[in-house]
Amino acid sequence: MNTLVGTGSLVRLVLRRERIQLPVWILVVSGIVAATASSFASLYPTVQSRQELAASIVNNPSILALSGPAQGLDTIGGMTEWKYGAVACVLVGLMAVFMTVRHTRADEETGRHELLGAGVVGRYAKLTATLIVVFGAGLAYALLIGFALTAQGLPAAGSFAMGLGIGGCVWFFSAVTAVAAQVSSSSRAANGIGGAVIGAAYLLRAAGDSAAEDGPRWLSWLSPIGWSQQMRPFAGERFWVLALFVVISVVLLGVGYALVGRRDIGAGLLPERAGRPSGVFGTFGLAWRLQRGILIGWTVGIVVLAGALGGISQSLKSILDSSPQVAQALQHLGGQQSLVDSFMAAILDVIGLAVSVYAIQAALRLRAEETAFRAEPVLAGSVARLRWAASHLAFALIGSAFLLAVAGTATGLAVGLTNGDVGTQLPRLLGAAMVQVPAVWVLAGIATALFGLLPRLTSLAWAALVVFLLLGQLGSLFQLSQWALDISPFTHLPKLPGGEFTVVPLIWLLVVTAALTLAGLAGFRRRDVG
Amino acid sequence: MTTAISVSGLRKAFGRTQALDGLDLTVTTGEVHGFLGPNGAGKSTTIRVLLGLLRADGGRAELLGGDPWRDATELHRRLAYVPGDVTLWPTLSGGEVIDLLGRLRGGLDPKRRKDLLERFDLDPTKKGRTYSKGNRQKVALVAALASDVELLILDEPTSGLDPLMEEVFRECIARERQDGRTVLLSSHVLAEVEALCDRVSIIRNGKTVESGTLAELRHLTRTSITAELGSPLSGVDTMAGVHDYSAQGNKVQFEVDTAELDAVLRKLTEFGVRSLISQPPTLEQLFLRHYEVSA
C-alpha cells in the first residue's frame, strides 16, 4: 500500500486548513434543518393543520418542481424534508465540490502538491486524504441531522434517513469532483464542472417531480438530489436507496483513481495546445481573455437551466388542463395563468441567485489576480488602478445583466414556442428576468466593497449570498420580521411575471449598488496591493 | 547628474512587522545600481513602494522626478519591472504576455522583441502554465528589455536562469547602460553585481547600512595577511584594526581593516619581512560580514 503512504499526515493538513470553514458549513446547514423542523412544529402543531397545507401542495406541480415530491406532509419531519431537503443537498453539494477541488486540483495548480509529493507521500495519498475528510463531513451531516431531529422528538428512522440523504449528496458530489479534478487542468474548470453537475441534478429532479402520472417521473432517479428524496424520510423510509449513493460514488472514485494513476502531476487529460506567438490587447482585452471562458460556460448553463424550467412550466399547464378538479381548486388562488406566472417568478428568483454566483465570481477575479501576483505586473505598467478594477467589474455588472437577458430570452422562447405566442411571452419574460438585475448587482457591489475595504474577507460575499438565499427560502417559515427579510435585495423585487411592477425599490437597489461599488473602488485606490 | 530614484527615511509596517525602518536609496540617472541585502531585508517592499503598489507610512520617495504613489500611471510609462517570482496567466501564451506588458508600458520595439526572443531562446507560443520557472522569468525579462523605457527595476531577475542565459542577461544590461538607461538591480548573485553595477546599496532590517561604489565598499573591509618574518613578531596583535591574529614561530596570519593597512605594514617591516601574502577582500566576504550581523 505504499501508494497511500503519508495519507494520515495529509488528513491532518486538510483538517488544519479547513478548521473554520468545515465546522461552519456543517453547523449552519444542520442547524437550519433543526430550526426548520421546530418552526413547522410551532406553525402546524396539529395533524389537521398539516393536512390542510399538504392539500394545497400535492396538486400544485409548480411547487413540486421547486421543492420536491409531496410525501409524508402530514408529519413535521416530512414537511422539513420537503421544504429544505433539496436546498440542503445543493448547499452541501457546493461544499463538497469546493473542498474537493481546493485540496486536489487547486494545490496542483499552485505547486503546493509538488512540494508535498516530493516527500514520503504516495501517489494516491493526496486524493485519499481529501476524500477521507470530505466523506467524513458527509457522515457528520448524517449523524448531526439525525440526532438533531431525533432530539426534537421526530422518529429516528426518518431523521437519519434525511441525514443520510444529505450526507450521501456530499459523497456523490465529492466523487464527481474527484473525476473532474483529474480531467480539467484548472481548478476553475473543475469547480465549474462540479457546479454544472449540481445544477443538472436539481433540474432532473424538478422535471421528474413535477411530471404527470404517466410522464417521465423516472428523471428524478437520475439525480442524487432525487435519490435523497426517494429515500422517503418520514414517509416509509427506503434505506436501500442509500446503496445508489454508495455504488455510484465508488464507481466514480474508481474512475478518479484510475486517472490519477495515468496522468502527470499538474497536467490534465487534454494535451496543452500551443498559443499564438503574439497578440495585442490592453487592460480590457486581458480581462476579456481571462473572463470569457467562464462567461461562455455560464451562458450555456443558463440557456439549459432557463429553457428546461420554461419547458417544465408548459408541462404544468397540460397537467392542469387535464384535471378540471385541480384547475377548479386552483381557481381561487388566481387561476391557471397566475399559477404558471408564480412558477415563472419563482424560477426567475432561482436564476437570479445563480447569476449572482457569476457576478460575485467575476468581481472577485480582481482579488484572485491580486493574490496570485498577476495584478502586480499589470499595475506596474501604465494602468490606473481604477481602470484595471473596472476591466473586471464590467464583467460582473454587464456580464450578469447579459446572463439575465439570456435567461429571459430562453424562458420566453421555451414558453412562447410551445404556446405559439412568442410575441407576448418573450417581452414579458425578458422584462421579468431583467428585473433581477439590480438585486444581482447588489452582490457584485458587496464583492467590490469587500475587495476594496476588507480584501482578506472577500469570501464574505459568498456568505452574503447564502444568507440571502436562506432568507428567501425560509425567512417566512421562521416568521422573521420584515426588516430581517428586507436585508436581502431579492425581497424588494416586484414578483414578475404576474405581479405589479414598481420602480422605486429597483432604483434604491441601484443606489445601494453604486454606493458599495464606489466605496470599494475608493478603498482599493488607497490600499496596498498584494 | 540627475537622480532617477531618491528615497530617504522610508518607513513601512505590516501589522507589527517593521519592513522598512528609515531606508535611504539614491540611484543616479544612467547608472546600474545594485540593491543587496539578506532575505527579508525589505528589498521587494522598497521596490513595491517605488512602483506605487504599497503606500509608505513615512519618509520620502521620488521616482523619475515624480511621486511613485500619486503619479503611478504616468511614471509607469517610463519604467519596466521584472518581479522576482514571475506568475503568468495560465491560458495566455508567452508572446501574448510580452505584448500585453509592453503595451501597458510605453510600447514595445518589435525588432528588439524578436532579437531578445532569439537570444534568450524562448518559445513564445507556449501557454503560461507550461513554462518552467526559468522560462517564466525570461518572458518577463524579454517584455522589460524590449520596452522603450528610461528605468528598469529588476527584482532578482536571474533567479532560475541557467548560466548561459545569465550571460545573455549580463550582455543585455551592459547594452542598456550604454544606451543610457538606469537600472535598479536587486540580486544575490554577487558575481553579477560585481560585473554589472556601478554602485551598490546594502540594506538590512529595513535600513541602509552601506552605499557606494564597490571600490569604496572594499575600502571598508579587511585584507587578510600571511607573513613570514625574520624574528618573532610582537605588538601587532594589539594594534587597532587587527583581527583573528595567530602566530606560529616566525609565521603570522591575521586580518586587518583596510584603513589600517599602512600602519600595520610599517610595523611588520621592523621585524624583517621574508615573505608576504596579502589578499584583498572578496565580494563574498564583504557581504557575509553585512549579512551575518543581521542573523
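View 1. B:R70 is exposed, with a relative accessible area of 62%, where exposed means over 50%, buried under 20% and partly exposed in between, using a 1.4 Å probe and protein chains only. B:D71, at 17% relative accessibility, counts as buried. The side chains of B:R70 and B:D71 meet in a salt bridge at 3.4 Å, N to O, the term requiring a side-chain nitrogen of Lys or Arg within 4 Å of a carboxyl oxygen of Asp or Glu. This is a predicted model, in which local features need pLDDT of at least 70 and side-chain atom pairs count only at pLDDT 80 or more, whereas totals for chains, interfaces and linings use all residues. Residues are numbered from 1 along each chain as its sequence is written, chains are lettered from A in the order in which they are written, and side-chain values use heavy atoms, with hydrogens and water left out.

**View 2. Salt bridges between chain B and chain A.** The count between chain B and chain A is 4 salt bridges. In one of the bridges, A:R289 pairs with B:E96, the closest N and O atoms being 2.6 Å apart. The side chains of B:R48 and A:E376 also meet in a salt bridge, at 2.6 Å from N to O; B:R48 lies in helix 1 (residues 43-50) of chain B and A:E376 in helix 16 (residues 375-379) of chain A, so this pair joins two chains. Helices here are DSSP runs of H or I with at least four residues, numbered from the N terminus. B:R48 counts as partly exposed at 23% relative accessibility, while A:E376 is buried, with a relative accessible area of 7%.

View 3. The side chains of A:E370 and A:R367 meet in a salt bridge at 3.1 Å, N to O. These two residues are 3 apart in helix 15 of chain A, and are therefore separated by about one helical turn. Both A:E370 and A:R367 are buried.

**View 4. The largest nonpolar core.** This core has 147 residues, and those with the most contacts inside it are A:I351, A:W388, B:I5, B:F120 and B:L184; a nonpolar core is a set of buried Ala, Val, Leu, Ile, Met, Phe, Trp, Tyr and Cys residues joined through side-chain atoms within 4.5 Å. Its largest share, 15 residues, comes from helix 15 (residues 335-371) of chain A.
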